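Here is a report on the cavities and the chain interface of one model. Please look over the structure first.

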Amino acid sequence: MKTINKSLDGLHSMLVNKEISCTELTKAFIKQMHCCEPRIQAFLATSEDTALMRAAEVDKKIANNESIGPLEGLPAGLKDNICMQGIPTTCGSHMLESFISLYDATVTKRLKDAGAIVLGKLNLDEFAMGSTTESSAFHPTYNPWDLERVPGGSSGGSAAAVSACEVAYSLGSDTGGSIRQPASFCGVVGLKPTYGRVSRYGVVAVASSLDQVGILSKTVRDNAQVLNAIAGYDPQDSTSITANIPDYTQFLENNVKGLKIGVPKEFFSQELTTDKAEVINKALETLEQLGAEIEECSLPHMKYAMAAYYIIAMAEASSELACFDGVRYGHRAEANDMIEMFKNTRAEGFGQEVKRRIMLGTYVLSSGHYEDYYLKAQKVRTLIKEDFNQVFSKYDALLGPTNPQTAPKIGESSDPLAVYLEDIFTIPANLAGLPALSIPAGFVQGLPFGMQLIGKHFDEGLLYRIAYTFEQNTDHHHQVPVLLREVN
Amino acid sequence: MKHVAHLARLKLNEAEIDLYTLQMNSILEYAARLQYIDTSNIEPTTHAVQLYNVMRDDEVKVSLPQNQVLANAPEAEDGFFQVPRIV
């Protein structure tokens with residue numbers, strides 16, 4: 001356990017100093033995976049053999065005294081909506097149960113180029129729709145901090161695997177909070193980068209104007225190192241941005257003096273109970289003592305964000321998922337004609353949450369409702385963006401809770417609208433395309449609780465700086481789940 | 001609901017129709033709050049980080065070989081995707 005529960009830098013220097021071979025290190029993570037998986041179930045598929053082959057190659061390089069990169073030989077996991085050539089990408093759905101990826105997603109390719117060793121594909125809510133990972137068609141994932149609770153979602157497997165030390169870091173995707181919320185529930189660091197910063201090529205889309213690939217890691221520095229590897233322009237993704245990518249580790253200074261941090265009062269609405277507000281207030285005090293200027297501000301249209309978000313997300317989802325028709329890939333149902341085949345295929349292949357969203361999305365896009373719902377939501381999206389422009393003319397970053405709750409128990413979340421409302425603090429950043437980072441802020445009744453930093457477009461570096469400073473001056477990220485103390 | 005299900009190419013059973021009607025009503029009722037905002041002079045946002053006319057040169061590039069493209073197909077024959085009778 002001591003071997004693998006290290007930062008990426010720590011693991012890297014063990015390899016470079018030949019304290020452990022890459023094969024031994026990979027085996028240690030695989031052993032951890034075997035210990036934890038019966039209880040956590042973060043993985044949908046593992047790629048142990050390829051991982052060990054890749055590790056042997058890294059060992060050869062080290063033996064020849066060749067230099068290795070910061071991620072080289074270190075084990076990673078991919079959310080199972082990110083393609084990796086030759087292995088399944090199921091999206092947690094029966095629809096894609098037998099689908100084998102024909103190519104690497106750009107982020108997968110970039111991780112491979114950086115020498116990462118992919119240990120497997122991680123569980124998620126079906127087609128990333130949900131916030132508990134319970135809607136996966138295969139099995140739920142359990143929170144390493146409390147096995148009766150969900151890890152959050154939709155990147156629940158990605159967060160649980162990092163938290164349980166089964167991988168050194170993982171990639172997830174975030175459409176309305178799907179990286180940040182599970183990061184908060186599992187006590188890890190989760191970044192949703194600026195829209196367009198990271199390529200989405202080869203990642204199964206559910207809401208193209210909102211989806212973004214991001215990183216779950218144990219520390220802020222780890223997160224920055226992985227962003228260095230995956231960020232940047234990709235001609236295969238027409239929404240990716242050509243701007244230069246800085247070295248994100250440069251921003252990691254233990255200093256927030258003079259930075260202006262706005263705290264939107266809407267984040268402290270009735271949804272947030274006192275004990276959770278206290279954790280965030282304490283974090284704000286810490287940052288203030290370290291020299292940051294903290295001030296209350298307002299995002300007046302935030303109360304409309306939820307409604308606008310779900311209309312846009314469901315409209316886009318109904319359109320994106322139209323490609324699952326049983327013709328080119330995925331499940332096909334028997335039928336006598338084409339239309340019946342489409343209908344039966346989709347009825348059998350999709351689960352309840354996916355069908356519900358397709359129905360709602362189709363409704364708000366249908367003739368007679370388009371203007372009242374979809375177009376209206378897009379206009380409200382403009383107002384929400386303008387709210388952010390306003391506050392960012394005055395503040396360097398915003399801070400608040402990542403979500404209103406700590407992890408709920410398995411089976412507790414049944415009313416769809418109530419579940420959607422839990423995303424209230426994370427969705428504004430998706431609507432405005434802003435980078436947002438969740439880091440452990442403290443604990444409420446033994447469960448991790450995250451705080452969220454939101455920055456200007458392309459200002460991931462500043463978020464890392466604030467988060468790093470907080471991390472260096474607190475010890476929340478050093479806490480490990482009880483499970484880890486048990487399995488070792 | 002049946003019309004929307006047809007548009008979405010989804011076969012729903014009666015229980016699903018009842019459940020979704022109930023759930024969609026409550027979600028749409030919640031979404032009705034948007035109607036109270038005056039957006040008469042507001043332009044819609046389609047993408048948060050706006051890009052215009054992303055173009056590339058019209059060049060033929062290597063694509064996946066036919067057998068691979070068909071590898072995931074539920075049914076294929078003679079290099080084609082096979083589907084049930086259309087007409």
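## Cavities and interface

Helix α9 of chain A (residues 305-320) gives the largest share of the lining of the largest cavity, four residues. Helices are DSSP runs (H or I, at least four residues), numbered from the N terminus. The model is predicted: local features need pLDDT of at least 70, side-chain atom pairs 80 or more, while totals for chains, interfaces and linings use all residues. Residues count from 1 along each chain, chains are lettered from A in written order, and side-chain values use heavy atoms, without hydrogens and water.

Five cavities of 30 Å³ or more turn up in the whole structure. A cavity is a set of points on a 1 Å grid over the protein atoms alone where a 1.4 Å probe fits but cannot get out; lining residues have an atom within 4 Å of a point. Volume is the space filled by probe spheres set on the points, which are joined across faces, edges and corners.

| Cavity | Volume | Lining by class |
|---|---|---|
| Largest | about 150 Å³ | eight nonpolar, eight polar, two charged residues |

Residues closest to the centre of the largest cavity include Ala128(A) and Tyr309(A). Ala128(A) also lines the second largest cavity.

Chains A and B meet through 68 residues of chain A and 48 of chain B, with contact meaning heavy atoms within 4.5 Å. Two salt bridges cross the interface (Lys or Arg side-chain nitrogen within 4 Å of an Asp or Glu carboxyl oxygen). Glu16(B) and Lys355(A) form a salt bridge at 2.9 Å, N to O. On the side of chain A that touches chain B, α12(A) gives the most, twelve residues.

How values were computed
1 Å grid on protein atoms, 1.4 Å probe; cavity = no way out; pocket = protein on both sides within 12 Å on 5 of 7 lines; lining within 4 Å. Helix = DSSP H or I, 4+ residues; strand = E, 2+ residues; numbered from the N terminus. Nonpolar A, V, L, I, M, F, W, Y, C, P; charged D, E, K, R; others polar.
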